[in-house]
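User: I would like to learn how to read charged pairs and a nonpolar core in a structural model. Could you take me through these features one at a time?

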Amino acid sequence: VYGVDVQKAEPARRAIADFGPRIVSSEETTPGHFEITVEGGPDVVAGLVDALVLRGARVSHVAPRESALEAVYRASAAAQVA
């Protein structure tokens with residue numbers, strides 16, 4: 001899951017819709033901020049960013065999001081160390 005921030009949301013919506021089956025899910029959580037789950041590795045994410053830029057979305061930030069399972073594991077590991 002990746003968080004993607006853009007300055008122009010409408011071109012981003014079109015690019016995401018046209019990106020194809022490599023996008024497992026996509027949600028615009030706030031205007032210009034998308035939570036996108038992709039199937040594949042860094043090459044797929046790079047391709048998505050390219051598609052967004054080519055459509056004029058003006059990407060300002062892309063970052064992986066920690067899954068709920070990762071957050072639980074991290075909290076459990078930290079509690080055991082303390």
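This is a predicted model: local features need pLDDT of at least 70, side-chain atom pairs count only at pLDDT 80 or more; totals for chains, interfaces and linings use all residues.

User: How many salt bridges does the structure hold, and what is the general idea behind them?

Analyst: Side chains of opposite charge can pair when their charged atoms come close. In this structure there are 4 salt bridges. One of them pairs Arg-13 with Glu-10, with 2.7 Å between the closest N and O atoms.

User: How are Arg-13 and Glu-10 placed relative to each other in helix α1?

Analyst: Helix α1 covers residues 9–18, and because Arg-13 and Glu-10 are 3 residues apart in that helix, about one helical turn separates them. As for accessibility, Arg-13 is partly exposed, with a relative accessible area of 37%, and Glu-10 is also partly exposed, at 40%.

User: With which residue of strand β2 does Arg-13 pair?

Analyst: The side chain of Arg-13 also meets that of Glu-28 in a salt bridge, at 2.7 Å from N to O. Since Arg-13 lies in helix α1 whereas Glu-28 lies in strand β2 (residues 23–30), this pair ties together parts that are 15 residues apart in sequence. Glu-28 is partly exposed, with a relative accessibility of 28%.

User: Which parts of the chain does the salt bridge between Arg-55 and Asp-18 link?

Analyst: The closest N and O atoms of Arg-55 and Asp-18 are 2.3 Å apart. This pair links distant parts of the chain, 37 residues apart, with Arg-55 in the loop between α2 (42–54) and β4 (59–64) and Asp-18 in helix α1.

User: Turning to the largest nonpolar core, which residues touch the most other members?

Analyst: A core of this kind is read as a set of buried nonpolar residues joined through their side-chain atoms. The largest one here has 16 residues, and those touching the most other members are Ile-23, Ile-36, Val-38, Leu-48 and Leu-52. Two or more residues are given to this core by each of β1 (2–6), α1, β3 (33–38) and α2, and α2 provides the largest share, 5 residues.

User: What does Val-38 touch, leaving aside residues up to four places away in sequence?

Analyst: With those residues not counted, Val-38 touches Tyr-2, Arg-22, Ile-23, Val-24, Val-44, Val-45 and Leu-48.

How values were computed
Residues are numbered from 1 along each chain as its sequence is written. Side-chain values use heavy atoms; hydrogens and water are left out. Helices (H or I, at least four residues) and strands (E, at least two) are DSSP runs, numbered from the N terminus. Buried means under 20% relative accessible area, exposed over 50%, partly exposed in between (1.4 Å probe, protein chains only). A nonpolar core is a set of buried Ala, Val, Leu, Ile, Met, Phe, Trp, Tyr and Cys residues joined through side-chain atoms within 4.5 Å. Contact means heavy atoms within 4.5 Å.
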